[in-house]
Amino acid sequence: MSQYNKRVIVTFSIMFFLLLMVGLGQSWSLSLSILNLCLISAIMTLGVNIQWGYAGLFNVGIMGFTALGGLSAVLISKESISKAVTAGGMRMLVALSIFLLTIVLSIYIYKKFKNKWLVIATILAGYFITRYFYIEAAQSIEAINPAFSGYLGGLDLPVLLSWIVGGLLAAGAAWLIGKISLGLRTDYLAIATLGISEIIIAIIKNEDWLSRGVKNVTAIPRPVPYEIDLQQAVWVKEILAKLYAGSLHLLPVSEQATALKAHISDAAIVLVKLCYSGLFVAVLLLIIILAGLALDSPWGRMVRAIRDNEIAASAMGKNVKQRHLQIFVIGSAIAGVSGAMLVTYNGQFTPGSYIPLRYTFLIWVMVIVGGSGNNLGSVVGGFLIWFLWIEAEPVGFWLADLSTSFLDQGNFIRQHLLENAQYIRLIFMGAVLLVVMRFSPDGILPETNKKL
Amino acid sequence: MPGFTDIINAIVLLLNFVFMPALSYGSQLALGALAVTLVYAVLKFANFAQGDTMAFSTVITILITWLLQKSGITLGFMPTALLALPFAIIACIIYVLLTDKFIYQYYRKQNSKPITIVMASVGVMFVTGGLVRFILGPTHHIFADGARFIITAREFKAMTGLAEGLAIKTSQFLTITIAILLVGFVFYFLQKTKTGKAMRAYADNKDLALLSGIDPDKVVRVTWMLVAVLTSIAGVLYGLDKGFMATSYNQLLLPMFAAVIVGGIGSPIGAIVGGFVISFSEAILTYAYKKFLIYLLPAVLQPDSLVQFLGTEYKFAISFVILVIVLLLRPTGIFKGKVI
C-alpha cells in the first residue's frame, strides 16, 4: 500500500472516530449535526479547491456565491404571496425588463455606433425609468403584511430544485465577474470577487421585497419528513419498541409508554438528520466523482498545464482565459449549490449571518489545510476545520476563563477577555492558515497527480 | 427664476453636504490607497491586510488617548488623539515589520507567485482583524475630543446671512491639512532622497537595482515604514471623522483597491486621484438632491421624491462599478500604471 493510501485511510478513520466519540459521549443528534455541516463545508471547499487547486484562481467572495444559493432556496420553495404579487409584481417585472433592455440596448449601441456618449445617455435613461417603476413596486410589495411577509414569496416548487437553481445563479454571477476580470492581472479577480460578494450581501440585506432583508425568511419547506410526522408514524414506533424491548421490560408497566415516547422523539430527530446526511453524501459523491473524472481527462491535464506554466500552455495554443473562466464558473456553481443546501438544512435564510469570516475565510482554511488540488483533501479539510471551529469557541472561552481565574469576578480585564473570547477563533484560524501555508503547503492530503 | 441668494444657498448646500465630506473622505482614502500602491509597486502584491492594519493603528491610538485623557493631558480644542498618533505609528511600524519578517519575507525569498502572497496577506488580515476585535470589541467607539467644529453652521449663517450653513468639522480640517503635508513629504521622499530613488529603482527593475548595489532589505524595510506611517495616519483620521468600528475599516478595502486600480497600480499620484474619484462619485451619487432642486427650480417643477441616484446602503457598489468600468475600458488606470 502506498504512503498516500495509508494517509487517506488514517485520516478518514480519525474523522469517523471523532464523530463516534461525539455520538457516544454527547449525543447522536449532535454528532449528526456536525456531520451534516461537515458535508456541506466539504462541498463548499470542493468548489473553491477546483478554482484554487486546479487553476490557481483566488476567490475572495465565496460568501457572495453561497448567499446566492441560499437566496434561491427561498425563491424556489416558499409559497408565493398572491396579494404582494398583484400589488407590485407586474411593476417589478416591468422594472426588471427595462433594466435588461437597457443593458442589451447599450451593448448594441456600443457595438453599432461606437459612441460612448450615446451609450451613457441610454444607460442613464434606462436607469431612471427602471428606478421609477422599481421604487413604487418595492414600496407596494413591502407594504403588504410587513410583519409576516412583505415580500413576493417564492415559486412554491420542491426545495431540492433550488440546489440546481442556486448553482446556476452563482454560475451566472461568476461568469459576469470572470468575463470582466480574468485575463488581466491575477489579483484583479480577487478584488472583483471581494466586491461582488459585498454587493450581493448588501442587496440581500436591503431588498426587503425580494427576501425580507434582515427580517429573515423562516420555515423553508423541507425535502425530508418532519419530526412530528415520524413520531406518529406506526413503523417508527414498531421498530423502536422492538429495539428497546429489553430495556423497556425492566421498567414498570406504567412508565413503559413514556419511556418509549422519549425514545421515539429522540429517534425522530436522528432519523431526520440521517435523511439529510444521505442527501448530502449523494451530492458530495456525485461532485467528487465528476471532478475526479474531469481532472483525469485531457481537459484536466490541460488545466494543470495552464496552472503550472501559463505561458508555455498558451504557446501550445491553449485558450488560457477561456479555461480559467470555465473553472471559475464551475467552482462558483458548486459553492452556490452548497449555499442552497445549507439554507435548506437550516430551514431559514438569515442574511445577517453571512459574514466573510464564516463563509470565505473558513473555507479557505479548509482548502489549504486539506490539501489544495486534492478532492479528498477538501473533504478532510472541510471536516477537520469545521470540527475545530465548533470546538475552538468553548476552548477560547475556557482559556480566557482559566488565564484570568486569579482575578476577581468583577475585574475589568477578566470581564473584557470573557466578552471578547470569541475573537480568539479569528486569530487562531488565521494563524492556522499562515502556519500551514508556510510549513506544509501541500496540506494533509497532497495533490497526487501533480506530475503530468 | 431663482434669485441670486437662492443660487448661493444651493451652492453652499452642496459644499456642506457633498464637497466637504467627499474631500475629507477622499483624503483618507488617498492616504490608504497610497500605502496599497507602495506595497504593490515595491513588494508586488495586493495587500488585503491594509484595512485591518489601519484599524490596528487606530486601536493603539484610542488606547493611548484614553490613557492620556485619564492622566489629564489633552490638546485643548484639538483632539488628544494627535498626541497619541506618534506612538501608534511606532507600534504600527513594529507590527508591519514583524509581519514582513515572519510571513512575507519567506515568500519573497522563495519567489512565490504574487497570488500566494496575496493569500498570506488575507491570513494577516484575519489575524489583525481578530486582534482588533479582541482588544476593542465589535462596537462603535468615538474618540475625538476637543472642539467638534472650526466653523459651525450657525456661525456661518450669522456671518453671511444665508439660509444654509457651511460647517467645517475639526476632523475635516485636520484631515485635509495633514493629507496635503504627508503627500508632499512622500513625493519629496520618493523624488529627491537617495533612499526614495533606490525604492523607485527597485520597483522599476529589481535585478538592475540589485546590480547597482541597492540593498533590497533596506528598500523593503523603508517601504514598510512608509506604509505604516500612511496607514496609521489614514486610519486615525478616518476614525476621528466617522468613529471607530472594526468592520467599517475592513470595508474600506474595496474603495482603496478601486482607487489604486482607477489611478493605475503602482502610481502614487494615481492613488491620490483615484481616492478622490471614488469619494466624489460616492458623495455625488448618494446625495439626495431634493433641497438643492427646491432652491433652483420654480415651484411647479419641484420634486416630491428625494432625487437620489442610489441609496446610501449601496455606497460601496459605486466603487465596484467604477472598478468594473476601469477594468473594461482602461485596465491600466488613468495614469497607465506607471511604477512609482
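These legends describe close-up views of a predicted model. Local features require pLDDT of at least 70 and side-chain atom pairs pLDDT 80 or more, whereas totals for chains, interfaces and linings use all residues. Residues are numbered from 1 along each chain as its sequence is written, with chains lettered from A in the order in which they are written.

**View 1. The contact between chain A and chain B.** Chain A contributes 31 residues and chain B 31 residues (contact: C-beta atoms, placed from the backbone, within 7 Å). On the chain A side, α6 (160-181), α7 (186-206) and α19 (424-439) each supply at least two residues (helices: DSSP runs of H or I, at least four residues, numbered from the N terminus). The largest share, 11 residues, belongs to α7(A). This side of chain A holds 20 nonpolar, seven polar and four charged residues (nonpolar: Ala, Val, Leu, Ile, Met, Phe, Trp, Tyr, Cys and Pro; charged: Asp, Glu, Lys and Arg; polar: the others, Gly among them).

**View 2. Helices α12 and α14 of chain B.** The axes of α12(B) (residues 268-286) and α14(B) (residues 315-329) come within 9 Å and cross at roughly 130 degrees (axes: lines fitted to C-alpha atoms over the stretch in contact; angles: 0 to 180 degrees between N-to-C directions). Residues of α12(B), including B:Val277 and B:Ile278, meet residues of α14(B), among them B:Ile318 and B:Ile322. The contact comprises five nonpolar, three polar and two charged residues.

**View 3. The two domains of chain A.** Domain 1 spans 3-80 + 153-439 and domain 2 spans 81-152 (bounds from an automatic or database domain assignment). Their centres, taken over C-alpha atoms, are separated by 34 Å. Seven residues of domain 1 of chain A contact 12 residues of domain 2 of chain A.

Note on methods:
Two residues are in contact if their C-beta atoms, placed from the backbone, lie within 7 Å.
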